[in-house]
Amino acid sequence: MLKAIRNLLLGACALWALPGFTAHAGNLEDLAPYKMLRSLQYIQDSIVLGDHSAAEMQRFMLGAIDKRLRAADASVFDDPRNVDAAFIYAMSGGNPETLSYLADRDIEGNFDSRVVDALSHYLAGKGGLMVENLEKAIPEYRNARIGPYLYLVLGNGTAQQDPAASMKYYDWARLTAPGTNIEEAALRRSIALATRGHMPDKGFAYSLSYARRFLTSPYASQFADVFVELAVANHGEQTEGKIQEILGFMDRPRQREVYLRIARRAAIGGMQELATLASQRAQALSDVADAGPKALADLYSGLVGVPSQDILEAVKGISSIPDAELSPRDRALRKAATIVAQEVLRAPDPESLTQASDSNITPQITVGKGGPETGSGESPFAAPASGAALSTAQSEETQEMAASEASPPDPVLDAFLSTGRSKLDEIDSLLKGEDEK
């Protein structure tokens with residue numbers, strides 16, 4: 001039944017785009033904005049539930065709604081549903097200038113100026129400026145059509161300054177909009193906040209809800225990243241059962257991907273037991289003919305041996321992995337580990353005991369921006385379609401990803417190098433002490 005409704009809606013939207021159809025059907029100028037918005041909401045919810053083919057239709061609907069809103073007579077907004085449609089359109093990846101355009105021409109007071117001002121600041125990237133006013137206005141919209149969207153916006157705006165309040169706003173957003181892109185975004189961001197705020201119970205509860213509903217979302221790879229951070233930071237006997245329960249909702253390729261990411265983070269963090277365990281589980285979930293995941297598992301389990309007494313065997317093992325089986329990030333990580341090992345093993349210069357210089361252990365490697373965590377480049381967690389229109393629920397994550405591309409491409413690589421430098425410094429201190437004796 002749902003599939004039939006979806007096909008009917010998408011078919012109708014496609015017909016709207018045909019000149020021949022619009023000439024005989026009164027075209028979109030006669031359709032109320034709130035009715036058009038329903039189609040957009042359905043499409044966006046379908047995308048986070050796994051229908052990635054609807055991304056093109058999303059772009060079309062956003063353009064059609066924008067045109068309809070700008071051409072609408074002022075009397076159209078005497079209907080509160082159309083006012084709500086304009087607000088939701090702006091928070092769903094629409095043109096923010098259209099909301100300003102409508103508000104500037106509102107002489108009847110249909111558009112709440114508090115909401116207009118708050119969204120104008122938020123959509124302009126100045127979320128902190130709107131928090132106080134929106135917090136005062138939002139109780140009036142708690143049960144309104146735009147309520148879940150406003151709570152999500154408020155959660156995004158307060159995430160840095162007040163994570164606890166932000167999580168409460170996200171809770172309200174997802175509970176009032178279950179099964180939607182609002183719930184998907186609220187859950188994903190709540191996991192990150194719970195991890196940062198050292199609230200593992202909440203983090204695992206949010207992760208379980210996400211795994212049950214949204215593993216086919218285009219943003220599930222971001223969920224995998226924050227879940228890995230949560231799992232690595234809180235791994236132990238008490239949490240092992242919770243981790244296994246969440247992974248139980250994933251198929252074998254997704255489970256393997258999560259274990260590989262856990263192994264990578266644990267290896268770089270020097271968590272030898274966890275890195276080895278996660279690598280072994282990733283290998284067990286790999287097919288015999290699937291060389292990529294096995295190579296990664298070997299790399300991550302080998303990395304933890306670099307600062308140990310088995311350093312020679314560890315370097316030999318990771319050096320034997322073919323470059324073709326590793327992503328640019330993982331090739332850079334391997335080279336960094338090799339350089340650190342070489343510096344540890346290199347005989348000290350009798351003229352100087354300052355061998356641990358940045359120039360010695362910082363590899364000059366160009367790493368692809370935003371590259372995959374896995375070497376195969378075929379993560380089972382879907383990535384957002386290129387150029388797809390984004391709702392407010394998703395846009396902040398995308399902005400953060402873009403910002404990260406302008407910074408060092410792999411922060412965990414820097415952490416690994418820092419660990420290597422500290423170990424070299426310790427060795428130099430010991431050698432210097434022996435020399436003074």
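Student: What ground rules apply to the model?

Tutor: The model is predicted, so local features need pLDDT of at least 70, side-chain atom pairs count only at pLDDT 80 or more, and totals for chains, interfaces and linings use all residues. Residues are numbered from 1 along each chain as its sequence is written, and side-chain values use heavy atoms, with hydrogens and water left out.

Student: How many helices and strands are in the chain?

Tutor: Helices (H or I, at least four residues) and strands (E, at least two) are DSSP runs, numbered from the N terminus. The chain has 22 helices and zero strands.

Student: How much of the chain counts as buried?

Tutor: Buried means under 20% relative accessible area, exposed over 50%, and partly exposed in between (1.4 Å probe, protein chains only). Of the 437 residues, 48% count as buried.

Student: What share of the contacts joins residues 24 or more positions apart?

Tutor: Contact means heavy atoms within 4.5 Å. Among contacts with a separation of 6 or more, 70% join residues 24 or more positions apart.

Student: How do α12 and α13 pack?

Tutor: Two packed helices are described by the angle between their axes and the distance between the axes. Axes are lines fitted to C-alpha atoms, for helices over the stretch in contact, and angles run from 0 to 180 degrees between N-to-C directions. Here α12 (residues 200-213) and α13 (residues 220-233) pack at about 150 degrees, with axes 11 Å apart. Angles under 35 degrees count as roughly parallel, over 145 as roughly antiparallel, 65 to 115 as roughly perpendicular and the rest as oblique. So α12 and α13 are roughly antiparallel.

Student: Which residues of α12 and α13 meet?

Tutor: From α12 come Pro200, Gly203, Phe204, Ser207 and Tyr210; from α13 come Ala220, Phe223, Phe227 and Leu230. By class, this contact of α12 with α13 has seven nonpolar, two polar and no charged residues. Ala, Val, Leu, Ile, Met, Phe, Trp, Tyr, Cys and Pro count as nonpolar, Asp, Glu, Lys and Arg as charged, and the others, Gly among them, as polar.

Student: At what angle do α7 and α9 pack?

Tutor: α7 (residues 113-123) and α9 (residues 147-158) pack at about 45 degrees, with axes 11 Å apart. They are therefore oblique to each other. Val115, Leu119 and Tyr122 of α7 make the contact with Leu150, Val153 and Asn156 of α9. By class, five residues are nonpolar, one is polar and none is charged.

Student: Which residues of α14 are buried?

Tutor: In α14 (residues 237-247), they are Thr239, Glu240, Ile243, Ile246 and Leu247. Seen down the axis, the buried residues fall within an arc of 130 degrees, so they line one face of α14. That arc is of directions from the helix axis to the C-beta atoms. Glu237 and Gln238, on the other side of α14, are exposed. The cover over the buried residues includes α12, α13, α15 (252-268) and α16 (272-284).

Student: Is leucine 215 buried or exposed?

Tutor: Leucine 215 is buried, at 8% relative accessible area. It sits in the loop between α12 and α13. Beyond neighbours within four places in sequence, its contacts include Tyr210, Phe249, Arg254 and Phe381. Its C-alpha atom is 8.7 Å from that of valine 48, 167 residues away along the chain.

Student: What is phi of histidine 198?

Tutor: Most residues other than glycine have a negative phi. Phi of histidine 198 is near 55 degrees, a positive value. Histidine 198 lies in the loop between α11 (181-196) and α12. At 70% relative accessibility, histidine 198 counts as exposed.
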